[in-house]
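Have the sequence and the 3D view open as you read.

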Amino acid sequence: MQQIKGVRDRERLKRQYMNIKFEFIKKGSSLTRFCEQSGINRRHVHRAFLEGWNTETAKALRQRLIEASKGK
């Protein structure tokens, strides 16, 4: 399993995670609710952002959440 090792990259992902959560809250929803409605395992989201998973699947999940938080 590929993992992100650099401190800067981990901090960037942590900021992205917090921004995504904030964007969902601004829209009157939550990241948890979106995951439940979309059938996304919440633990996978946590691993993709906060535990440094860097597989193609994790990258796709991060991109999907970024786009969903922006309303795309």
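## Where α3 meets α4

Let's start with a helix pair in this predicted model. Helix α3 (residues 42-50) and helix α4 (residues 56-69) have axes that come within 9 Å and cross at roughly 100 degrees. Angles of 65 to 115 degrees count as roughly perpendicular, so that's the label for α3 relative to α4.

Who's doing the touching? From α3 you get H44, V45, A48 and F49, and they meet A58, L61, R62 and L65 in α4. Sorted by class, the contact of α3 with α4 has six nonpolar residues, one polar and one charged.

## The nonpolar core

Now for the inside. The largest nonpolar core has 16 residues, and I20, L31, I40, V45, F49 and L65 are those with the most contacts inside it. At least two residues of this core come from each of α1 (7-26), α2 (31-38), α3 and α4. Helix α4 supplies the largest share, at five residues.

Setting aside neighbours within four places in sequence, F49 is in contact with L13, K14, Q16, Y17, I20, R62 and L65.

## The buried side of α3

Which residues of α3 are buried? They are V45, A48 and F49. These residues sit on the same side of α3, because they cover an arc of only 85 degrees around its axis. As a rule, an α-helix has 3.6 residues a turn, so residues three or four places apart point the same way. The cover over the buried residues of α3 includes α1, α2 and α4.

Take A48, found in helix α3. Its relative accessible area is 1%, and since buried means under 20%, A48 counts as buried. Not counting residues up to four places away in sequence, A48 touches L13, W53, A58, L61 and R62. As for K14, it lies 34 residues from A48 in sequence, with 9.9 Å between them in space, C-alpha to C-alpha.

Beyond residues up to four places away in sequence, L50 touches R10, K14 and Y17. K14 is 36 residues from L50 along the chain, yet their C-alpha atoms are separated by 6.0 Å.

## Y17 on α1

Over on helix α1 you'll find Y17. Is Y17 buried or exposed? With a relative accessible area of 6%, Y17 is buried. Neighbours within four places in sequence aside, the contacts of Y17 are L31, R42, V45, F49 and L50.

Helix α2 has L31, F34 and C35 as its buried residues. Seen down the axis of α2, they fall within an arc of 100 degrees, so they line one face of the helix. What do the buried residues of α2 pack against? That would be α1, α3 and α4.

Turn to the other side of α2 and you'll see E36 and Q37, which are exposed. After α2 comes G39, which has a positive phi, near 75 degrees.

Technical notes: Residues numbered from 1 in each chain as written. Predicted model: local features only at pLDDT ≥ 70, side-chain atom pairs only at ≥ 80, totals over all residues. Heavy atoms only, no water. Axes fitted to C-alpha atoms, helices over the stretch in contact; angles between N-to-C directions. Helix = DSSP H or I, 4+ residues; strand = E, 2+ residues; numbered from the N terminus. Parallel < 35°, antiparallel > 145°, perpendicular 65-115°, else oblique. Contact = heavy atoms within 4.5 Å. Nonpolar A, V, L, I, M, F, W, Y, C, P; charged D, E, K, R; others polar. Core = buried A, V, L, I, M, F, W, Y, C linked by side-chain atoms within 4.5 Å. Buried < 20%, exposed > 50% of the residue type's maximum accessible area, 1.4 Å probe, protein only. Arc of directions from axis to C-beta.
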